[in-house]
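Work through the exercises below with the sequence and the model side by side. Try each task before you read its solution.

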Amino acid sequence: MGIKSFQGSRRQQGNVADNTPFKVSDYMTTNLIKFTPDQTIESVMEAIIKYRISGGPVVNDNNELVGIISEGDCIKQISESRYYNMPMQDMTIEKYMVRNVETIDGEMNIFDAANKFLNAKRRRFPIVEKGKLVGQISQKDILKAAMAMKGHTWK
C-alpha cells in the first residue's frame, strides 16, 4: 500500500504565472491634484481643504516633478507669516515645497512599497516615468491593495 498525500492531488507545476496584480502601478492614483511652484500658499490650502487631501505634487509646465507640498509645509508658512507679521496672500509655494522628493518605481512590488513607507515615514510617494509625473501612491492605497488581495497567498 502506497503513502497517501494529505496535500491533495499534485498538478504539473511548470511556469504558471500568477496574474494577481501586486505592482504599485496597479494601485497608484493617476488623477492627481497637482500644484505649480508659482501658486499661492492660500490657493494650495484651499485645495487641500476642498479635496480633503494632505498634500500633493508640484510640477512645472512640462509635467515634470519639481517638489511636493503638504499640510505641514502650509502650517510652517502660517507660523512664519504670523511671526514676521507678513500677509500670506501673495506668497508662492516655491519657497515652502520640498524639492528633494523620493519617488517609487511603478513596477515595484506593493509589499516592498509598504516597507519603504515604514522606513521613510512618508505619507505619499510620487511615481515618475521618463521624467514625467504619472501617479502617486499613498499609505491608504497600500491598505486598499492589501484588502483587495485578501484571500491570496502573499509571497
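Two strands pair if DSSP finds at least two bridges between them. Helices (H or I, at least four residues) and strands (E, at least two) are DSSP runs, numbered from the N terminus. The model is predicted: local features need pLDDT of at least 70, side-chain atom pairs count only at pLDDT 80 or more, and totals for chains, interfaces and linings use all residues. Residues are numbered from 1 along each chain as its sequence is written, and side-chain values use heavy atoms, with hydrogens and water left out.

**Exercise 1.** Find the bridge partner of Phe125 in E4.

Solution. Start with the strands. E3 covers residues 124-129 and E4 covers residues 132-138. They run antiparallel, joined by six bridges. Now pick out Phe125: its partner in E4 is Ile137. Finish at the turn. Two residues lie between the strands of this hairpin, and Lys130 takes a positive phi near 55° there.

**Exercise 2.** Which residues of H1 are buried, and which exposed residues does the face turned away from them carry?

Solution. Buried means under 20% relative accessible area, exposed over 50%, partly exposed in between (1.4 Å probe, protein chains only). H1 spans residues 41-51, and its buried residues are Ile41, Val44, Met45, Ala47 and Ile48. Seen down the axis of H1, they fall within an arc of 160°, so they line one face of the helix. That arc is taken from the directions from the helix axis to the C-beta atoms. The face turned away carries the exposed residues Glu46, Ile49 and Lys50. Just after H1, Arg52 has a positive phi of about 55°.

**Exercise 3.** Describe the buried side of H3, its cover and its N-terminal cap.

Solution. In H3 (residues 110-120), Ile110, Ala113, Phe117 and Ala120 are buried. Seen down the axis of H3, these fall within an arc of 90°, so they line one face of the helix. Their cover includes E3, E4 and helix H4 (139-148). On the other side of H3, Leu118 and Asn119 are exposed. At the N-terminal end, Asn109 is the cap: a side-chain oxygen lies 2.6 Å from the backbone nitrogen of Phe111.

**Exercise 4.** What does Asp141 touch, not counting residues up to four places away in sequence?

Solution. Locate Asp141 in helix H4. Contact means heavy atoms within 4.5 Å. By that rule, Asp141 touches Tyr27, Thr29 and Gln136. A polar atom of the Asp141 side chain also lies 3.0 Å from the backbone nitrogen of Ser138.

How values were computed: A polar contact is a pair of N or O atoms within 3.5 Å; within protein, one must be able to donate a hydrogen and the other to accept it, and residues adjacent in sequence count only if both atoms are side-chain atoms.
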